[in-house]
Amino acid sequence: MDRLETLSIVVPCYNEEAMVVELVEHLDMVLSKLTGEGLVGEDSHIVLVDDGSTDQTWPLICSSCETYKRVNGVKLSGNVGHQNALMAGLTVAKDTSDLIVSLDADLQDDTSVISEMIKLSRQGNDVVYGVRKDRTSDSLAKRETAQIFYKTMKVLGVRTVYNHADYRLMTKKAVEYLSEFNERNLYLRGLVPLLGCKSATVEYKREERREGKSKYSIRKMLHLAMDGITSFTDVPVHIVLWLGVAFLVVSFGILVYVMVSYFIHSVVPGWSSLMLSIWFCSGCVLTSLGVIGEYIGKIYVEVKGRPRYRIEKKSGEKVCNIPPTIQKAQRGEDDGEV
């Protein structure tokens with residue numbers, strides 16, 4: 001009988017103390033069901049990556065590691081962002097797993113489709129994308145900005161999977177391919193399609209967040225969108241070039257108009273139009289410099305070659321210092337008991 005594949009479920013966590021206990025209980029049941037159905041091996045496990053949390057996320061992860069045999073914890077030395085934390089988890093998981101599923105800690109992704117992902121991987125797909133059926137769980141503003149983002153990425157020629165975030169299954173081979181990309185400005189949703197691996201999609205309905213609040217602020221979403229654009233296409237730089245050419249052509253037209261007006265003695269002061277032109281042109285120049293600056297900034301970060309993350313602790317190294325209050329809570333005790 002062939003050996004059943006080992007599955008790792010990788011979950012980046014940042015200040016998720018309100019979700020850790022429920023997350024672990026849910027994922028442990030998911031793995032129990034998958035092993036019971038004979039889809040994955042008994043050595044399948046969960047990898048929780050603490051992305052430099054400032055609350056009780058890491059102590060709770062450590063406590064879960066003692067309570068549940070399938071749970072492993074990885075603590076990063078600082079907050080490096082969702083994409084880098086996810087990459088750290090994938091890198092750790094590929095050494096012990098055949099299949100790796102990544103998802104967010106908010107449990108909004110439907111874990112019931114993992115079994116379908118596994119079946120599709122056995123059909124030769126090294127990557128199986130979880131794709132949302134709709135965006136009804138998002139606010140109107142988030143839905144509209146998401147549509148603008150996907151359309152912009154398509155126009156710029158960036159390969160992405162529509163309505164896919166970071167809920168996906170990857171084989172060990174696919175993660176090894178991904179590990180060969182050494183860039184610091186990670187945008188995994190754009191990198192994974194570049195691997196050239198055979199892929200499939202699974203649709204699911206994204207639910208409302210159960211506990212806590214989203215850690216993706218508007219600033220972080222804009223930063224992720226900018227990474228997605230500037231890391232995969234140089235089209236904005238070409239746009240700046242052609243914008244400059246267009247302004248040059250217009251300036252020659254204005255020169256001709258001014259000279260004709262001067263010789264026929266019909267020059268009008270036109271202070272308003274002059275000021276409008278100055279402001280408009282200045283705005284375009286500053287915008288163009290900003291676009292170029294984004295690319296120079298990316299080059300600056302890449303050239304320094306700093307590590308994307310640094311693993312400070314792992315749950316198996318017996319370095320988890322669990323506060324007594326959390327130990328009591330796990331045992332169902334309270335501080336008033338002797």
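**Strands, cores and a surface patch**

Val256 lies in helix α9, which spans residues 235-263. The model is predicted. Together with Val260, Phe263 and Ile264, Val256 makes a nonpolar surface patch of about 420 Å².

Strand β4 (residues 99-102) is covered on both faces. Leu99 and Val101 are buried on one side. Ile100 and Ser102 are buried on the other. Two strands pair with β4. Strand β1 (residues 7-13) runs parallel to β4 and is joined to it by four bridges. Within this pairing, Ile9 has Val101 as its bridge partner. Strand β6 (residues 164-171) pairs with β4 in the antiparallel sense, also over four bridges. Here Val101 stands opposite Leu169.

In soluble globular proteins, nonpolar side chains tend to be buried together. In this model, the largest nonpolar core holds 38 residues. Leu7, Val11, Leu34, Leu48, Ile114 and Ile118 have the most contacts inside it. Two or more residues come from each of β1, α1 (20-36), β2 (45-50), α2 (57-67), β4, α4 (114-121), β6 and β7 (199-204). Helix α1 gives the most, with seven residues.

Beyond its neighbours within four places in sequence, Leu48 touches Val11, Cys13, Leu23, Val24, Ile61, Val71, Asn72, Gly73 and Val74. Another core, of 27 residues, lies apart from the largest one. Among its members are Leu76, Met87, Leu90 and Met170.

Methods. Residues are numbered from 1 along each chain as its sequence is written. This is a predicted model: local features need pLDDT of at least 70, side-chain atom pairs count only at pLDDT 80 or more; totals for chains, interfaces and linings use all residues. Side-chain values use heavy atoms; hydrogens and water are left out. Buried means under 20% relative accessible area, exposed over 50%, partly exposed in between (1.4 Å probe, protein chains only). Two strands pair if DSSP finds at least two bridges between them. Patches are made of residues with over 30% relative accessible area and no salt bridge: like charges are joined within 9 Å, nonpolar side chains (Val, Leu, Ile, Met, Phe, Trp, Tyr) within 5 Å. Accessible areas come from the Shrake-Rupley method with a 1.4 Å probe; for residues, only the protein chains shown count as cover. A salt bridge is a side-chain nitrogen of Lys or Arg within 4 Å of a carboxyl oxygen of Asp or Glu. A nonpolar core is a set of buried Ala, Val, Leu, Ile, Met, Phe, Trp, Tyr and Cys residues joined through side-chain atoms within 4.5 Å. Contact means heavy atoms within 4.5 Å.
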